[in-house]
Amino acid sequence: MNVPETRWLLDLQRLLSIRSHFVISGSIRDNFLVSLDATVISTANAPSTNIVSSATLVPLNRALWESMKRYDYRFLLIYDPVDGLRVYPDEPAQRDLATRLFDLKLADGCQQVSLESLSKLMKKLSAEREVRCAMVLDFSSRIPRKAEQLSDAEHRFFVAAEKLSLTASAIVPRETGGPPQYNPILWLVNRAQDLPSWFTLDSERVASLVISKPDFEMRQAAALQLAPLFNGYADAATAVRTQFVKSFTEGTEGMSLSALSDITELADRQKLGIADIEDAVRCFKIGALDNPWRKDYLRKKIRDGQSFIEDRVKGQHPAVVKTLDILKRSVMSLTGAQARSGGSRPRGVLFFAGPTGVGKTELAKTLTQLVFGDERAYLRFDMSEFAEEHTSARLLGAPPGYVGFDAGGELTNAVRQKPFSVVLFDEIEKAHPRILDKFLQILEDGRLTDGRGDTAYFSETILIFTSNLGIYVEDNQGNRSQNVKPGDSYETVEFKVREAIGNYFKFKLSRPELLNRIGDNIVVFDFISAEVAAKIFDGMLRNVARRLQEELGLQLAMPATVRDELLARCIRDLSNGGRGVGNQLESNFINPLSRALFEQELEGKQRVTVTAITEADKVISLSLQLA
């Protein structure tokens, strides 16, 4: 197997002749795919030897050694603040040579040294002319307590290191000869800024190497290396093997090679074969092997879901049908199927647009109830709370170095805790545009990393955005006018609202790419009609009757004439939708009912009958009979 070249190792090899110190940051705790040379005797009759290479995933120190020994480096000295100094590889020949050259006093393979002694050792190693060798300062981020507030000993240590980087010279070892190269000092840090800034910036001899996440080619090579460890791979056909490697590679976008090894071990423990690679990757990402989206009962629930939804969301048939279409697509794992790779995208994306009070939030709750059996399983974020740019720290986590960065973000934390959920972003147009930019990554890649460096995966979520965009529009002078109104046909409402949403994202926000990620998943809600409002009214009136029974033990009765008069009062203005009906019911019925009951003696009463509604001086009163 051809192993792709590792970029940071190539850069290290290229710079060994001109740089004396290397600050290596990024994915330093990852594994790396390298070729290990092995000597093989061909046959007994022909005892000639061959050098063959085999690809293996190894940690950074091993990758460094395999790379540097090809340039005649004899050993590495590795230091960390806990174990002190040790020789790598831990073999007798290397240990004896390092001990002789640097007068080491190794006990159980390690030697504790002070920063002052370490500084002298670094100087001696840089000037060593007998053999090539290098020093690795592991956990260098933990050497200073604070990068800019060093103790005297730490400050002297870094000043000595800076001076050494400038004064060291490339050498030709007496033992092996060859071109002049440095005996380098390699600093392993989590972030380059963990070291004092003046140390890394003021010396031209200090090179910074950043180890990035593995690209597609490297992950593919690692997947090929790990594939034989999966159950069923050895007996699979070539086409099946190829598809397995493709799924493994694409499903681990943005992950380390260590993560690929962990997924392989997880699959072995969970008895998952090559056909279950998507389950193995998902289990690693979100910690759940069980996948609700693949349950047979969910397909049955969605098949019968239209009547269930329309029982709670009145008068929005086109919106309900389109929502169910997107939900069916999610269950069949066909979201983003038109793209070459869409497996990491959210299960579904819905943009609910339309007038206020017509059921957008209620449909989100009903959808959650339908899929997960509990409407409280949805995660709701009121985007009006994130109108300022700095509030992104609440939602997504503060950047590293800022106060509270280690707490993570409200959104990322919530999705990690409930990976199978409906995530509702209410009134999305009220969020700051810079916050909206973060949704590009969620919609495209299905993941988001917070200030702690932890990644939340949205691949098993349904994202719902709600908005009132398009109901009112502003002209060039900033004057606000009604774009659609009750009585317009649904086709007119849908066309105008979609057009206004497009103009908002394209021209006002200058973010057409966000609209493009949402795609054709905009679901436009209609104004409620008088017939629908009457159904909503009856449902709310039943809720009032149920509450009376539960709280006061009273059965509510109302003649048809009183009911009709109350209905007329509540649906007089439908511009505020079902929520407006509820507000009017509260003013015209619940408040005067509470006042009337408050003045009555209710003990022993089982039934209350509303006989009349009257209004005097804008005060509504009810006539009651208690029995």
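Me: Which residues line the largest cavity?

Reply: Rolling a probe the size of a water molecule over the atoms shows where empty space is left. A cavity is a set of points, on a 1 Å grid over the protein atoms alone, where a 1.4 Å probe fits but cannot get out, and lining residues have an atom within 4 Å of a point. In this predicted model, where local features need pLDDT of at least 70, side-chain atom pairs count only at pLDDT 80 or more, and totals for chains, interfaces and linings use all residues, the largest cavity is lined by Phe351, Ile428, Leu436, Phe439, Phe465, Phe505, Leu514 and Ile518. Residues are numbered from 1 along each chain as its sequence is written, and side-chain values use heavy atoms, with hydrogens and water left out.

Me: What is the volume of the second largest cavity, and how many of its lining residues are charged?

Reply: The second largest cavity has a volume of about 40 Å³, a volume being the space filled by probe spheres set on grid points joined across faces, edges and corners. Its lining, which includes Glu253, Lys285, Asp445 and Arg447, divides into 1 nonpolar, 2 polar and 4 charged residues, whereas the lining of the largest cavity has 8 nonpolar, no polar and no charged residues. Here Ala, Val, Leu, Ile, Met, Phe, Trp, Tyr, Cys and Pro count as nonpolar, Asp, Glu, Lys and Arg as charged, and the others, Gly among them, as polar.

How values were computed
1 Å grid on protein atoms, 1.4 Å probe; cavity = no way out; pocket = protein on both sides within 12 Å on 5 of 7 lines; lining within 4 Å.
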